[in-house]
Protein chains: 2
Amino acid sequence: MQAAGGVRSLAFDSKAKLHLANGETIAPLTIAFETYGALNSERSNAVLVCHGLNGDQFVASPNSVTGRPAWWPRIVGPGKPIDTNRFFVICANVLGGAMGTTGPTSIASDGQPYGLRLPPIAIPDMVRAQCMLTEALGVETLFLAIGAGFGGMQALQWASAYPKRVFACATIAAAARQSAHNIALMELGRQAIMADPDWRQGGYLAHGVRPQKGGSVARMAARIAGQPAADVRARFNEARAMERFAFAADSEGLERFDANSFLYVSRAIDAFDLAADFGGALANAFKNAETRHGVFAFSSDWRYPPDESRAIVRALMAAGAEASFVEIKTDNGHDSYLSEEPEFEAALTGFVDAAAAARGLALQGGRS
Amino acid sequence: MQAAGGVRSLAFDSKAKLHLANGETIAPLTIAFETYGALNSERSNAVLVCHGLNGDQFVASPNSVTGRPAWWPRIVGPGKPIDTNRFFVICANVLGGAMGTTGPTSIASDGQPYGLRLPPIAIPDMVRAQCMLTEALGVETLFLAIGAGFGGMQALQWASAYPKRVFACATIAAAARQSAHNIALMELGRQAIMADPDWRQGGYLAHGVRPQKGGSVARMAARIAGQPAADVRARFNEARAMERFAFAADSEGLERFDANSFLYVSRAIDAFDLAADFGGALANAFKNAETRHGVFAFSSDWRYPPDESRAIVRALMAAGAEASFVEIKTDNGHDSYLSEEPEFEAALTGFVDAAAAARGLALQGGRS
């Protein structure tokens, strides 16, 4: 374990190859991650938080590279629904990411950044890499896999691929398959990057100039669908009132946005179709599994509308899995999972506490 | 009336100013249009077809500039649901368009293209310009205003703004307000154009090089939402199988795509919110109107889902208007209105024929 580039990471031995779904391998593999709390002696209290497209491993502490605050402080921390006094919380930068885990900006064996030489990756590959990490951390079985949006897709993939290693799974504002309108948004972002002359066929790192204009469009693609409809409309009307054609740019985080990482990760998200590997029947993805599921949706989420969560719940029920479903009425859109949503927090707390009781984990005091 | 740049158009006297919603005026105004069939002696058989974002005035005949075939041959023509043996059909290039009507490529009074000096325009302005055209053609009252998508928004605006001048209104696969996911797609297209160095702050015409890369992304934004979800997914999977990051480009029509026109027209569409001028109550947009409405939606349309059509129908009913609603079950998505959809064609024919009978227009033979 080492701190590379300002982040804590685990560099696997080059004999520990990551086998990708497409038949290729990645080695050596580095996974950057953060942990919070302590693993108990039974090793039964580990929670894996899977981050979304705009997230990173700094779920509950400031990003040590950018200084940005923790992205999920309402949910993960001492006394929070995922109580770090009680659980050992792991959050890893995804495979293909740009915050320390092997991705297009990583240095390949020839001393140059991978760039587009990194093999194509898929969500099952990201989850397999996370599985290598949890094993290395001494965790055989996760108490909980949890994520929202793309993070929720990873959590579902965990429950499907490693049912015996996931006691509980919380899927928030997600879908078992990327919808056409999400593919369309991401595709426009990818095209905008590739249309930017500074992208240089993916070789921008060697030239020292990032494709900022294309990257800015892609970043908008990644963020806009998280915003409530009323906010999208308000930003549009504000621009129009100023006789502008485009929204005011989001400046936050753009300096760290890596265009090639967006290409790889967004393609992995767009390719996600959990039922496809099971003859098109999503229920078969969860057959004979004992994982207990909590599925959470937000009424105003137009990125992953509640109907897509309902489809997951129907499949879980058809598979005989234990599943609860909560749709939160809110105007905050997809990003409700980041907002102050007392009903969501209460429902998630209830799910986590019930699962912990079933797992035999003692309830501790200190919830805020 | 003159043929300018290969298209038939009407150049209004510069005293006939077009008064825009924002208080500015445009003069002189030119409207490029096509007509089919003949106006009857009672002047009671005029149909205005409003074209969509990817359309033009060549609804039923080949485009005289590009040679592209008519875009709605299944619906408009001799013996078709809108029978040109029976009706006098008018279709005009929208204000801000790039096919002969005054828009950013038009020459302003200083002999240079307007470019971004064209005032901001809105759908009510486009409809007001169409109203000037129909008056100039001797048409006091339209028998029918019809359109799909953005064209349907124009038809609705006609019915709301000029209720005594529209006997019947057919709104197909449209909405009374642009949704957030459509704004997001269009916004990405606009940003991609403005990020292209060849756009030159809108001044590309003087430099002789169009912003093709940004324009190509914007054109994708305009077209992708018309495609059925299965097609979007298939295009994505095809690209992924080839280890590409982006879809194969649509080459059709790109040579005529005008980036500034996209900026103006897409902004007008995104700003459409018919209820907003009526205290937020859509029903008030149709108060005391005698126009009879036909509202048509396609089950697999993710650009303007059937629920948005239902909202129009509910408002029409609340306003006491005569309204029929048909949702067609189809996998062809938004662009179903262009596809072979016998159920849609039968429903539209039924609506048109019933309205024609109510208008006292004799039924003619010759339907195919």
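Modeller: A residue counts as buried if 20 or more other C-beta atoms lie within 10 Å of its own, as exposed if 12 or fewer do, and as partly exposed in between. Please keep in mind throughout that this is a predicted model.

Biologist: With that cut-off in hand, how many C-beta neighbours does B:Pro163 have inside 10 Å, and is B:Pro163 buried, exposed or partly exposed?

Modeller: B:Pro163 has 17 C-beta neighbours inside 10 Å and therefore counts as partly exposed. This proline is found in the loop between α2 (150-161) and β11 (166-172) of chain B. Leaving aside neighbours within four places in sequence, B:Pro163 is in contact with B:Ala289, B:Glu290 and B:Thr291.

Biologist: Where in chain B does B:Asn288 lie, and what is the value of its phi?

Modeller: B:Asn288 lies in the loop between α7 and β12 (292-298) of chain B, and its phi is near 60°, a positive value in a residue other than glycine. With 9 other C-beta atoms within 10 Å, B:Asn288 is exposed. A positive phi is also found in chain A, where A:Glu243, likewise a residue other than glycine, has phi near 55°. A:Glu243 is placed in the loop between α6 (229-241) and α7 of chain A, and its 11 C-beta neighbours inside 10 Å make it count as exposed.

Biologist: Turning to the peptide bonds, which residues of chain A are joined by a cis peptide bond?

Modeller: In chain A the cis peptide bond joins A:Ala27 and A:Pro28, with omega about -5°, and A:Pro28 is found in the loop between β4 (25-26) and β5 of that chain. In chain B a cis peptide bond joins B:Ala27 and B:Pro28, again with omega about -5°, and B:Pro28 is in the loop between β4 (25-26) and β5 (30-36) of chain B.

Biologist: How should I read the helix α2(A), and is it mostly covered or mostly uncovered?

Modeller: α2(A) has 12 residues and reaches 16 Å from its first C-alpha to its last, which is close to the 16 Å expected at 1.5 Å a residue. The helix is mostly covered, with 11 of its 12 residues buried, among them A:Phe150, A:Met153, A:Leu156 and A:Trp158. The buried residues of α2(A) pack against β6 (46-50), α1, β10 (142-148), β11 (166-172), α7 (259-270) and β12 (292-298) of chain A.

Biologist: Which residues touch the most other members of the largest nonpolar core?

Modeller: In soluble globular proteins, nonpolar side chains tend to be buried together. Here the largest nonpolar core has 241 residues, of which A:Val47 and B:Val47 touch the most other members.

Biologist: What does the domain assignment of chain A give?

Modeller: The assignment gives domain 1 (2-176 + 277-359) and domain 2 (181-269), and 24 Å separate the centres of these two domains of chain A, taken over C-alpha atoms. Their contact takes 30 residues from domain 1 and 22 residues from domain 2. On the side of domain 1 that touches domain 2, the elements that give two or more residues are α1 (123-136) and α2 (150-161) of chain A, and the residues of that side divide into 15 nonpolar, 11 polar and 4 charged.

Biologist: How many residues of chain B are in contact with chain A, and which helix gives the most to that side of chain B?

Modeller: 39 residues of chain B are in contact with 39 residues of chain A. The elements of chain B that give two or more residues to this side are α3 (180-195), α5 (212-224), α6 (229-241) and α7 (259-270), and α3(B) gives the most, with 13 residues. By class, this side of chain B has 24 nonpolar, 6 polar and 9 charged residues.

Biologist: By what turn and what shift can chain B be laid on chain A?

Modeller: Two copies of a chain are related by a rotation about an axis and a shift along it. Chain B can be laid on chain A with an RMSD of 0.0 Å by a turn of 180° and a shift of 0.0 Å along the axis. The two copies are thus related as by a two-fold rotation axis. Moreover, 100% of the interface residues of chain B are also interface residues in chain A, so the copies meet through the same surface.

Definitions and conventions. Residues numbered from 1 in each chain as written. Chains lettered and ligands numbered in written order. Predicted model: local features only at pLDDT ≥ 70, side-chain atom pairs only at ≥ 80, totals over all residues. Contact = placed C-beta atoms within 7 Å. Helix = DSSP H or I, 4+ residues; strand = E, 2+ residues; numbered from the N terminus. Nonpolar A, V, L, I, M, F, W, Y, C, P; charged D, E, K, R; others polar. Least-squares fit on C-alpha atoms with pLDDT ≥ 70 in both. Domains from an automatic or database assignment. Expected span 1.5 Å × (residues − 1). Core = buried A, V, L, I, M, F, W, Y, C linked by C-beta atoms within 7 Å.
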